[in-house]
Amino acid sequence: MELKKLNDNFTVCKVEDFSLVNIDAEYCFIGKTDEEKSLVCLTADVPSNVIQRDDGWKGFRIQGVLDFSLIGVLAKISTILAEEGISIFAVSTYNTDYVFLKEENYQKALDILKHSGYKIIA
């Protein structure tokens, strides 16, 4: 399986509302529950109405379109990294899954996954 490195810096944040979120940005993952409005975006695209933010994230995506019948794709990656003490923040889209890691763990995680048989593409 191929993992596509994303060469940008990301921020995970909570926003007051989505009015200032640039939904046309290259990456914009939004989520809303009864408790919060969340956003994952490029650090350069963080809106001014953030309530909380956590900078310093890097990411990769599982390359290609994943069929909904596939089982355990994200679980396998998260287990491999958890066994090495590396936590992740995952976002799933219709096509695939994105995995975000703190910047200080990013290269180590990619090396571990490569050693585990994943192909890392730039």
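## Terms and model

Buried here means under 20% relative accessible area, exposed means over 50%, and partly exposed is in between, with a 1.4 Å probe and protein chains only. By that scale S78, at 24% relative accessibility, counts as partly exposed.

Please keep in mind that this is a predicted model: local features need pLDDT of at least 70 and side-chain atom pairs count only at pLDDT 80 or more, while totals for chains, interfaces and linings use all residues. Residues are numbered from 1 along each chain as its sequence is written, and side-chain values use heavy atoms, with hydrogens and water left out.

## The helix pair

S78 sits in helix α1; helices (H or I, at least four residues) and strands (E, at least two) are DSSP runs, numbered from the N terminus. The C-alpha atoms of S78 and I88 are 7.0 Å from each other, with the two residues 10 apart along the chain.

Two packed helices are described by the angle between their axes and the distance between the axes. Helix α1 covers residues 73–82 and helix α2 covers residues 103–115; they pack at an angle of about 115°, with their axes 10 Å apart. Axes are lines fitted to C-alpha atoms, for helices over the stretch in contact, and angles run from 0 to 180 degrees between N-to-C directions. The angle makes α1 roughly perpendicular to α2, a label for angles of 65 to 115 degrees (under 35 is roughly parallel, over 145 roughly antiparallel, and the rest oblique).

On the α1 side, I77, I80 and L81 meet A109, I112 and L113 of α2, where contact means heavy atoms within 4.5 Å. Sorted by class, this contact has 6 nonpolar, no polar and no charged residues. Nonpolar covers Ala, Val, Leu, Ile, Met, Phe, Trp, Tyr, Cys and Pro; charged covers Asp, Glu, Lys and Arg; the others, Gly among them, are polar.

## The β5–β6 loop

Now to the loop between β5 (89–92) and β6 (97–102), where T96 is placed. T96 is buried, with a relative accessible area of 5%. Its side chain reaches the backbone oxygen of I62 at 2.5 Å. Leaving aside neighbours within four places in sequence, T96 is in contact with R61, I62, G64, L66 and V91.

Y94 is also found in the loop between β5 and β6, but Y94 counts as exposed, at 66% relative accessibility. The C-alpha atoms of Y94 and Q107 are separated by 27 Å, although these residues are 13 apart along the chain.

V40 belongs to strand β3, residues 37–42. With a relative accessible area of 4%, V40 is buried. Not counting residues up to four places away in sequence, V40 touches F10, T11, V12, Y27, C28, F29, F89, V91 and F100.

I23 lies in the loop between β1 (2–15) and β2 (28–32). I23 is exposed, with a relative accessible area of 61%. The C-alpha atoms of I23 and C41 are separated by 9.5 Å, and these residues are 18 apart along the chain.

Note on methods: Polar contact = N/O pair within 3.5 Å; in protein donor to acceptor, adjacent residues only side chain to side chain.
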